[in-house]
Amino acid sequence: MAHWTTFDKETERETKRLVRCIGGVQDEEDQNFQLAHKFAWSNFRFHRYLDVDSHKVQRSISGIHEKLMVHSDVRKAESWTGLTEEFLNSPLPNTEGTKSDAHYGVLSLLLFLSTSPLHTDFTERPRLKEAEEDSFDWAQYLREGEDGDVGPYPETPDWSEEESEEDDGQQPISREDSGIQLDRTPLEDQDNNNNNNKASPVTWTVGEPGARLWLERHVVTPYWVAHAPRFPHSLHLHSNLLNVWDQHLYNTDPLYLPEEKAFVTETQVIRETLWLLSGVKKHFIFQHHDGKVSVRSNVVVTHLTPNCLRSVLDHVAVFGQAVFRLQRFIDEVTGHGSEPSPPGSSHGSSHGAKRGSEPPFRTYQAFVWALNKYFTGFKEELTTIERELIRNDETVTLLAVLERLNPHLAQIKVLHKVFSTGVAEVPPETPNVVRASHLLNTLYKAIIEYDGAGEASEQAVALLFSLWTETVRPYLEIVDEWIVHGHLFDPAREFIIQRNKDVPVNHRDFWYATYTLYSVSETVESEEKLSDAASGSSAGEQGSSARQLTMVSFLKPVLKQIIMAGKSMQLLKNLDCKETERSERSSRDAERKSLYTRFLESVQSRLCSRAESPEDPAAEQQATRRSLIKMQSIISQHLEIEDVHDPLLAINFARLYLEQNDFHERFSGGELNVDRSSQSVTCQTFELTLRSCLYPHIERRYVECCGNLMKTLKKDYRLLGYLQAMRNYFLLEAGDTMYDFYTAIFDKVQEKESWQQLSFLNGQLQEAVGQRHPEDSSRLSIFLETIDPSRKKHPVNNLEVLTLGYKVPWPVDIVISSECQKIYNQVFLLLLQIKWAKYSLDTLRFSDFTDVAKKPSGAPVEDAKPKEPIKQQTHRMCLLRVKLMHFVNSLHNYIMTRILHSTGLEFQHQVQEAKDLDQLIKIHYRYLATIHDRCLLREKVSFVKEAIMKVLNLVLIFSDRWRAGFGAWKIESIDKMESDFKNCHMFLVTILNKAVCRGSFPHLESLALSLMAGLEQC
Amino acid sequence: MASAANANLNAVRETMDVLLEISRLLNTGLDMESLSICVRLCEQGINPEALSAVIKELRKASETLKAPENCTN
């Protein structure tokens, strides 16, 4: 390669750079590099391509231009031609001249390399043109074509910020004196920014004495000053109606005295109206007096009579006052702070600052937030109108403005109505809970009320619904917090249910006494505390329904569920749940949506489903018309059958049917509802919305919570086990165990030993229980109670000193409370008494008699006379014994099998199906009441029990005498016992028969029958 | 003289700027460096069609060169 020229070398160097640059191989030793280089080099040198043809290139350039034009890419096309032109006329580094072959070569290279120039996103970058930059007159360039229009006021003096800084001494034009008060309330900030025609960010100061004059001439005449100069106006009759009217009055009424008048233009009136409605407090035309807005009396416009203007403005003033009051309420709640924050996100720092340590009242805050939202939209509308007014493009009249604002004004009226009933009329010092529920109720009622008006009040319902959904937010958040975390967070005490602080969770009273339900009676507006009984149990429910209370009516249908879920959740949180589920649940909690969000989502999805269905209103209309025609033909046929030819009637019938169709659809597919954001939809059947959007979420949570609690109680806390234990020991279901216990006592009694010693009794009990149920032995204990000495006279009452106690651990003691144990104990005592009677009868032996019979035979001192009576007496004793046994066994059977066993089975079944703790408690109580009742322990039937006790007593006396031996009893006493027994027996049979015949106590039938059988044998 | 050279330099720089704009518009994928190499080569009389063919080929090759690298990585 020695013959290579420098030119070749240079080319080779460039080629290498090319390979490095494009191929990305840096190392010249690299095989790839060498290959690439060789390839390039050979291509450059040995190719078959034609030389560059400048015409061809030019054609391509114009072709691309055309292509871009065809694709309407004008900008790009222009850039393209401009750039290529510029390039062709620019010098290249090593080539002389322009439009040389090299130029075309480079261009053609780029054209070859180009890929889809149409689809590139190209914007020409401005290139620096250093030389030209300095001389270019931008101002000239930008003003090109403006031909010296200096604006509407050519004589405007020059205002500049510098100037104003120099003239510090000059007074700034305050907005106060122009009637355009600078508003300091946070809500109107943005509004004022929009109204910047009045308050530009630059401080306008009066630069020279003529400036104010200029302002007066060109911006606004100071109509608010007394004796303000009259503005020039047309002399046309229409513009001078006031003068004409004045003249007329002057001519007709000799006493007419023309008053001092303040002349304003209609534009000024409109603007003041707009300002009034946007909440500005200082005006000229409108005046504020103690929260009341009135119209200044002497304000007139030239083209209207004073009365006419006044009547219009009075109408406006009413709304102005409503706005003012609402605004003041907003300010009060937000404490004049910055923009009110959404409730929940921050707990109203401004509010807190104002009221010190008092926690924020979130319901009001939420309500204010909703109001504020509405007002923001309203003010936007006002600003738009004002901007139009300023632009002066079209005629804006007061009536037109009012017409335009009409829907808004109607809404403000609704808002104000709700506000005054819901908030303003509540006397001060009312507790927050009443305020909150009253406000929610008012909104709720208003929605239902307006809802009833149908389409006429669609807007109002939409507005109220959005207001309601916002206002209800704190409540739903409280509910959510409670039923999900078991924590009733309500620092401002605004929720209808409040936690009583003094009851700890792990106390047995927790379930009953922890929460207080506040219910506000709408008619008397007084607060009632339904403590304990009302807090969630059935009593509360009955109470609330009976008294027509209106504690937040929307929650009423699910109140029980909320309370149950909340309490269950709190209990659950406090139970040491052994399952690992707990941790999972907490991790899941992060992803969980709050009740409020879910509610909103449901509402929205409900709205969407409705909103989507009529996709194309025109098509739908057509379809309706088509079906109307079809329906009409069908109906006219029907009518013709009955010889009626009335097309109008047919059409109306058809329409009726169609409407009904619609009605059906509405019912099946849910009702129409409010889109919260657009507020454009009505909310028919508001309650249905709640039913489908809110209640299911609460219901689901309730089922979940209570299900969990029931599961935990049953599984981890052996609730069922404890219930079984109660039956085992108190109702003697663990027969063998208890047999050991009570026979030991009975034996002692029979042996006339003292048995009323705690140590002995407990020892016996432990021994009996410890053998078979060691886990319960520590829980069971016997107590002795001193009883009324008057009741001690019968031996059977001796047992009544016994009290069996079973220590039920928390939280099972919520179900098995001490009250329950008392009932259990009563049944237990009755059972013991029966068992005692039965035992003492069972243990009697005939051998006692034979001993007795033998004794006298061994000493035949006495004559045979008494022998006969002895035999007879023995026989009678035996007979009596059998009768007594029959009685006692009947009773025993009745109670043990017919009552305790079957009721127990029923109870077990119900317990399995209990959904929540309250239900379980109720089932348990009902069970206890049932057995208490059926064991004839009720006060009402105490006479029956008395009779039974008498018989049992008789049994004890009888067995005592039997054991004492023959000599101990006399014929009279047998007679007495027989007659006593007979009387009691008769009495019981009569009573029971009566009861059975009445049919009210079917369970008594068996007892009555068996006792009757015994009686017949007598 | 120096100022004349300077002016020339500026003019050339502007030309290159214009060229880069054109290249961007045509979506050629060339950057300033490769563009200047190409211009120099064109000025040396290399046939632009051949050059474009070489550039395309080199691009393809470097793509394939990179692809297995990526795979192995």
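Helices here are DSSP runs of H or I with at least four residues, numbered from the N terminus. With that in mind, select A:Ala370, which sits in helix α15 (residues 362–391) of chain A. One housekeeping note: this is a predicted model, where local features need pLDDT of at least 70 and side-chain atom pairs count only at pLDDT 80 or more, while totals for chains, interfaces and linings use all residues. Residues are numbered from 1 along each chain as its sequence is written, chains are lettered from A in the order in which they are written, and side-chain values use heavy atoms, leaving out hydrogens and water.

Stay on A:Ala370: it counts as buried because its relative accessibility is 6%, and buried means under 20% relative accessible area with a 1.4 Å probe, protein chains only. Now show A:Leu467 and A:Glu470, both of which A:Ala370 touches, leaving aside residues up to four places away in sequence; contact means heavy atoms within 4.5 Å.

Next, colour by chain. Here 60 residues of chain A are in contact with 46 residues of chain B.

Which side chains meet in a salt bridge? Pick B:Arg40 and A:Glu14, at 3.3 Å, N to O; the term needs a side-chain nitrogen of Lys or Arg within 4 Å of a carboxyl oxygen of Asp or Glu. The count between chain A and chain B is one such bridge.

Last stop: select α1 (6–23) of chain A, one of the helices supplying at least two residues to the side that touches chain B. α1(A) gives the most to that side, with eleven residues.

Methods:
Buried means under 20% relative accessible area, exposed over 50%, partly exposed in between (1.4 Å probe, protein chains only).
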